[in-house]
Amino acid sequence: MLVMIFLQLLPGVFAVFCHYAYGKYSKKRASDLGLFFILGAETIAACLFLSCYYITYVLFIGNARPETGIFAWIAVGVLVVLAAVSFFFYYRKGSGSRLFIPRHIAKALDENAKKVKTRSDAFTLGALAGTYELAFTLPLYIVTAVEIMEMNTEYFSSNLLTVLYILTPTVPLFVVRWMFQTHHNLADIMRARVKDKNFTRLMLAICYITIAILIIYHRINLS
Amino acid sequence: MNEQLFDEKKLKRDLKIDARGVGIPVGAAEDFVERVVKDAQKSFGHRQIITEADLKRAVVKELKKYNADFAYVYQNRDKII
């Protein structure tokens, strides 16, 4: 869940979107559109996570159990690669907080954020921004789906964990929304993003490595 | 090279959105943007052709005189995502 909080594409697009919305519309309307952006991001996160849950359920309910080790090794490999990628390539070199996504996509997201007029536009933009970060979230969704599926429900209900997991990616969005509502602006958010750039990528790498270590510890029998 | 006519209206519209976005009130934003664009144009003198980067530099230079946040957002608008 912690990884989701450190991912920066969705909050970045949302900050740009809020900037334009507060620039064009009244505070009430901008806040309302912001809520629909968050709803879009939430919906796509729920769809993707539940799809992964269903696919892993179908795959692992048969003969191929996750504890066979192959799944675990693949997951560890992917997570280690993601840790390296997030540390070295999550942010582009140079000033600012330009992310890994191709420049034409970043430009298109910026243009779309500027053009948002209705709630459905805001909802679609939120959903779209959520899917562009799939490279970093999909492996997590799969790993988490397997873990929740096989979880001992003694302490937590798996349904509650699923809901929590789906809600987590939108926590930074609510923070950004709150910042705009309390008279902070895009410049404040941009400065904070630039300042915390190294911390963010380090934390992302640490989170991915930690998950990989936990998988090795719990799922792979090294002896 | 992609040449295009300088669209003053579009520049003003974009600047007004940015100004409102950083919290400058409507009336002040309009007055502010008019002055910035006028001063930026003055700085080009009689030059007929300017690059986008020249225009951006001139606008940022003028914006910095009035509001640091506004200038920062305009200068770094393509470096956020």
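In which crossing, left-handed or right-handed, does helix 2 of chain A pass helix 5 of chain A? The model is predicted: local features need pLDDT of at least 70, side-chain atom pairs count only at pLDDT 80 or more, and totals for chains, interfaces and linings use all residues. Residues are numbered from 1 along each chain as its sequence is written, with chains lettered from A and ligands numbered from 1 in the order in which they are written.

Select helix 2 (residues 9–24) and helix 5 (residues 103–115) of chain A, which pack at an angle of about 35° with their axes 8 Å apart. Helices are DSSP runs (H or I, at least four residues) numbered from the N terminus. Axes are lines fitted to C-alpha atoms over the stretch in contact, and angles run from 0 to 180 degrees between N-to-C directions. The crossing of helix 2 over helix 5 in chain A is right-handed, a term for a near helix turned clockwise from the far one by less than a right angle.

Next, display A:Val13, A:Val16, A:Phe17 and A:Tyr20 of helix 2, which meet A:Leu109, A:Asp110, A:Ala113 and A:Lys114 of helix 5. Contact requires C-beta atoms, placed from the backbone, within 7 Å. The residues of this helix contact comprise 6 nonpolar, no polar and 2 charged.

Now show chain B: 13 of its residues are in contact with 23 residues of chain A. On the chain A side, helix 2 gives the most, with 10 residues.

Finally, select A:Leu138 in helix 7 (residues 134–149) of chain A. A:Phe49 is 89 residues away in sequence, yet the C-alpha to C-alpha distance is 8.1 Å.

Technical notes: Helices (H or I, at least four residues) and strands (E, at least two) are DSSP runs, numbered from the N terminus. Two residues are in contact if their C-beta atoms, placed from the backbone, lie within 7 Å. Ala, Val, Leu, Ile, Met, Phe, Trp, Tyr, Cys and Pro count as nonpolar, Asp, Glu, Lys and Arg as charged, and the others, Gly among them, as polar.
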